[in-house]
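User: I am new to this structure and would like to go through some of its features with you. Could you show it first?
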Amino acid sequence: MLIACIVIFKYMNSKTLLCIKGANIGMMDYSKFISKLSSRRKPSCISELRRALDNCSPSLVWLASGMPNPEKFPFREMTVTLEGGKKLTLSKETLSAGLQYGPSHGYLPFRNQLKRMVEQWHAPPRWAESDLIVTVGNQDGISKALDMLLDPEDFIVVPDPCYSDFLCMLSSLAPQIVAVSVDDQGMRPDILQSALEKAISSGSTGIPKALYLVPNSCNPTGTNMGEERRQEIYAIAQQYDLIILEDDPYCFLQFNDKYLPSFLSMDVDGRVLRFDSFSKVVSSGLRIGFVTGPPPLLQGITLHMQASCICPPMLSQVLIHELLTSWGDEGFKKHISDICQFYKEQRDAMIQALKTHLTGICEWIVPEGGIFVWLKVLHLSDTSAMLLERGAKGDIVLVPGREFMVDSTKPSPYMRAAYSCVTPEEMMKGMENLAKLIQKEIELQSTHT
Amino acid sequence: MKYSRFLTQVSRNRQPSLIREMTNLLAQASPELVFMAGGLPNAQMFPFQAGSITLKDGRALTIHPKLMMDCLQYGPTPGYPPLVKQLKDLTQQLHSPPRWAEMDLIVTAGSQDGLCKALEMMISPGDYVVTQEPCYTGTLSILKPYKPRYLPISGDQNGMCPEALKAALSKWKPEEVQDTEKDVPKVLYVNPNACNPTGVSLPEDRRQEIYKIASEYNLIILEDDPYYFVQFGDRKDFPPSFLSMDVDCRVIRFDSFSKILSSGLRIGYVTGPKPLVERIVLHAQVSLLHAPAMSQVLVSELLKLWGDEGFFKHTDAVQAFYLDQRNAMLEAAEKHLSDLCEWAVPTGGMFLWLKVPKIHDTWDMILERALTKNVILVPGKAFMCDSSKPCQYMRAAFSIVSPENMDKGCKNLAELIS
């Protein structure tokens, strides 16, 4: 597993750009991507006033901002114990920072730390023109990116099946959806191309604005998109001038030595917004993610954050910053290695349970990372009723495939199983229960026909 | 009340996430149930095991390993259940909402996130918004992209004037607009206590009049009350909240811990009619998922350790501190600014709202010349719904500045104005 991590950190030198057009020297025109609503967001007057602080005299009396007085916050000291027993005590200044309002785009030492990591892992070709902001979990970043990009008549490209929460976001915004079927590597370029052609010639006033994908251990299919496929998709995004929303929460949960270049690492145009998450590796509950991309696009997200949560949770940022500092690169690599080891064993136990009980009943692709297996039931056309109405009684609950389809009215023989939190014994029992549930369902279907 | 009238199309479109709904199955499930539906990471792999926080009064909050898991793992969108219960109990104790059984509560990442989601739930581009003026800049920032048609309601040293509210709404007949959805005002925003930026509070009789008018015109009242605990005076003399008089179930109330416990933790909460809080929960479900878990656990454990007595002892101490700050600020203002400025005595919070009668507009004075006089405050225009109009006011914050610096600041300000 250490090898996989070394590969990650050595990756930065690999730059095989097969199909991608040559580097765009000029800046993209980002104004065309910003929704009408987002274009009207403005920074607060008080943040403009803060810029006055940059060159002020030490005798400036600052009566402008409504920060509460931190002397009245009741917390004095904080210590956390890490795995292995090491203790981290926050200094007075650090705890202070953790308890007071901070900048909307993130706690500066933490942002700097993350920028160094992103540069190291991805060596984005337009790094000098990129920036990074911290968000309240990566999903909030995605939600605000959609709010920023989409006018109601615009098109957004999604894989089909797609991460269900993303479809939930779209169902409320109700843009026009371009659904692209997938194979064992994700979005199919031929279908993507023809779907975009159809959208453009539809006579709509909207334009295809963005393309969303989860390139590693895709939720729900568990597939990884190969390097060549990524380059093909990037080239198509160039051709149709799309923003690529690279949602990559499982990038650190890859089990083998084959590390795949991110869209950010091949982004010669500055069209990628990359969404990273700490939820699978450090903590989901602290609600910390980050977004890397072109400043004109990050600006729209930051202004929305300024108006809503004001800043990402400061204590969460401070804690993760202290943790990463205490670990250094070596400690981080070791932690990722331990996590991959754990989830790989979970995956292996899951595959064993599937082979034992569901051979001939279901089909599946062995995931090379992440926490999901995407199962197809061979002799059922739809799994929803079985799982939702009879699953709990059969002591097994999985998510029906329909939940992930762009058209959720069509039947789906698929199901998504998560193997992150169950023990190998529970997996065996669960798959045994599932086999019985499916058999019963097949009998039930045949008595009705 | 029919709540669908108040919702934007986007908000109406929101559906619950099936996966989150399925997680509720766990509550009634047999112990034999193998649950593989959620996408939770395994919390055993999170690197923090335990923690300890020492409080300023010397006591400690211990985060043992099981509690640390609650801090680090995904939680329910409405909030960490023990904290939700504590906040519901506190709300019931302080406000006794008359229709409590029809209300719900959600913990948010700061009260402003709740306010933002409430406004996004109800305002479409071009909609009317009835608001106090001057108005908190954060609220104006939320609304700016929607280009609302503001009905700004002026106030005096007792806050929003009900007569001005009546006058602004008089172009409509109540009985004609009660059920109308388009082109009528449906939302009223107000800071009832220690208003930002004016520092004044609405007395009880005005609140009742305003509620009555809102009821006649079928408006939702957004009661934004982050300075509730920083009102000066005895707690038993606090005027009743809009929530406490909400016989129609039309108030959405926003509470905050930012001024009394911590602003950086990002914890606030929203109380309101179930159908409206549900829309906010659905929005949170697909965006931030929930307020930061560790922050929620810390607040919950702190409240548990303190009990009611300890909590109110703390809020009394915070109030006393800001009262001292206010008094020092007033002294400095009286010493240097009594010929140049007018002001109302703040009844809570941390702001002094200064009028400069001899100046037409404070904007240029502050943005272009204040630095040379070593004092910065916020020009009043920032708080106006129409930022093209001149404004003679400025807002000074007295939360963090020392009495010495207040004196210096007011002296510098006097020089600037002259």
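User: Is Phe342(A) buried or exposed?
Analyst: In this predicted model, Phe342(A) has a relative accessible area of 16%. The limit for buried is under 20%, so Phe342(A) counts as buried.

User: And what about Tyr343(A), buried or exposed?
Analyst: Tyr343(A) is buried, with a relative accessibility of 0%.

User: How are the rings of Phe342(A) and Tyr343(A) arranged?
Analyst: Their centres lie 5.1 Å apart and their planes stand at 75°, so the pair is edge-to-face.

User: How many aromatic pairs are there over all chains?
Analyst: The structure holds 21 of them. One is formed by Phe278(A) and Phe290(A), whose ring centres are 5.6 Å apart with planes at 40°, so this pair is tilted. Phe278(A) belongs to the loop between strand 10 and strand 11 of chain A, while Phe290(A) is in strand 11, twelve residues apart from Phe278(A). Both residues are buried.

User: Changing topic, in what order do the strands of the open sheet in chain B run?
Analyst: The seven strands follow the order 4-12-11-10-9-5-6, with mixed pairing. Strand 4 (103-108) and strand 6 (149-153) of chain B are at the edges; each has a single partner strand, so one side of each lacks a neighbour in the sheet.

User: Which helix packs on that sheet?
Analyst: Helix 6 of chain B, residues 111-122, does so, and the strands touched by this helix include strand 4 and strand 9.

User: Which ring does the charged end of Arg253(B) sit over?
Analyst: The ring is that of Tyr228(B), with the charged end 5.2 Å from its centre. Tyr228(B) also belongs to an aromatic cluster with Phe229(B), Phe238(B), Phe311(B) and Phe312(B).

Conventions. Residues numbered from 1 in each chain as written. Chains lettered and ligands numbered in written order. Predicted model: local features only at pLDDT ≥ 70, side-chain atom pairs only at ≥ 80, totals over all residues. Heavy atoms only, no water. Pairing = 2+ DSSP bridges. Helix = DSSP H or I, 4+ residues; strand = E, 2+ residues; numbered from the N terminus. Contact = heavy atoms within 4.5 Å. Axes fitted to C-alpha atoms, helices over the stretch in contact; angles between N-to-C directions. Phe/Tyr/Trp six-rings, centres within 6.5 Å; stacked < 30°, edge-to-face > 60°. Buried < 20%, exposed > 50% of the residue type's maximum accessible area, 1.4 Å probe, protein only. Lys NZ or Arg CZ within 6 Å of the ring centre and 35° of its normal.
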